[in-house]
Amino acid sequence: AIFKICDFSSQSLANTAWSCASLVYVHVPLMEALASQARALLDSQGRKSTPSRSFQPQHLAGTAWAFAILKFRNEPLWDALASASVKTMGAFKAGELAGLAWSCAKIGFLHQPLMDAIAAAA
């Protein structure tokens with residue numbers, strides 16, 4: 001999977017991370033590769049990103065949940081997830097907001113603009 005990650009959509013990345021978290025399987029090279037590709041997609045989001053590669057709220061919350069469950073703290077990924085979530089906060093459903101907030105608490109990630117946006121959207 002690591003060699004194909006550069007071809008993954010945001011949903012594929014979120015699903016792979018979710019699968020690892022569901023199994024409580026921490027494979028550091030895989031998680032680093034997932035984090036790296038997620039950051040690349042998040043950085044390109046809003047420029048030329050195709051819809052299948054854009055992170056939707058479900059993907060953002062699911063990716064955060066997976067990395068939190070695995071206690072995998074990749075600071076650049078968490079910063080990118082937080083920034084993208086703030087920009088799309090209006091599209092989050094209640095469960096996605098709760099999952100994102102829980103994930104940040106679980107991993108001990110405090111991003112004040114994200115917390116403010118979650119509070120305003122709740």
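**View 1. Helices α2 and α4 in the predicted model.** The crossing of α2 and α4 is left-handed, in a model that is predicted. The axes of α2 and helix α4, which covers residues 75–87, cross at roughly 35 degrees and come within 9 Å of each other. On the α2 side the residues that meet the partner helix are A35, A38, R39 and L42, and on the α4 side they are P76, L77, A80, L81 and A84. Sorted by class, this contact of α2 with α4 holds eight nonpolar residues, no polar residues and one charged residue.

**View 2. Helices α1 and α2.** Two packed helices are described by the angle between their axes and by the distance between those axes. For α1 and helix α2 (residues 28–44), the axes come within 10 Å and cross at roughly 150 degrees. Because angles over 145 degrees count as roughly antiparallel, α1 is therefore roughly antiparallel to α2. The crossing of α1 and α2 is left-handed, and the residues that meet are S10, L13, T16, A17 and C20 in α1 with L30, M31, L34, Q37, A38 and L41 in α2. By class, the contact of α1 with α2 contains eight nonpolar and three polar residues, with no charged ones.

**View 3. Helices α5 and α6.** Helix α6 spans residues 112–121, and α5 packs with α6 at an angle of about 150 degrees, the two axes lying 11 Å apart. Helices α5 and α6 are therefore roughly antiparallel to each other, and their crossing is left-handed. In α5 the contact is made by L97, L100, A101 and C104, while in α6 it is made by L114, M115, I118 and A121. The residues of the contact of α5 with α6 divide into eight nonpolar, no polar and no charged.

**View 4. The largest pocket.** Rolling a probe the size of a water molecule over the atoms shows where empty space is left. The largest pocket has a volume of about 170 Å³, and its lining is formed by Q11, A14, N15, W18, Q58, H59, A61, G62, G95, E96 and G99. At least two residues of this lining are supplied by each of α1 (10–22), α3 (57–69) and α5 (94–107). Which classes do the residues of the lining of the largest pocket divide into? The lining of the largest pocket has three nonpolar, seven polar and one charged.

How values were computed:
Residues numbered from 1 in each chain as written. Predicted model: local features only at pLDDT ≥ 70, side-chain atom pairs only at ≥ 80, totals over all residues. Heavy atoms only, no water. 1 Å grid on protein atoms, 1.4 Å probe; cavity = no way out; pocket = protein on both sides within 12 Å on 5 of 7 lines; lining within 4 Å. Points joined across faces, edges and corners; volume = space filled by probe spheres on them. Helix = DSSP H or I, 4+ residues; strand = E, 2+ residues; numbered from the N terminus. Nonpolar A, V, L, I, M, F, W, Y, C, P; charged D, E, K, R; others polar. Axes fitted to C-alpha atoms, helices over the stretch in contact; angles between N-to-C directions. Parallel < 35°, antiparallel > 145°, perpendicular 65-115°, else oblique. Left-handed = near helix turned anticlockwise from the far one by under 90°. Contact = heavy atoms within 4.5 Å.
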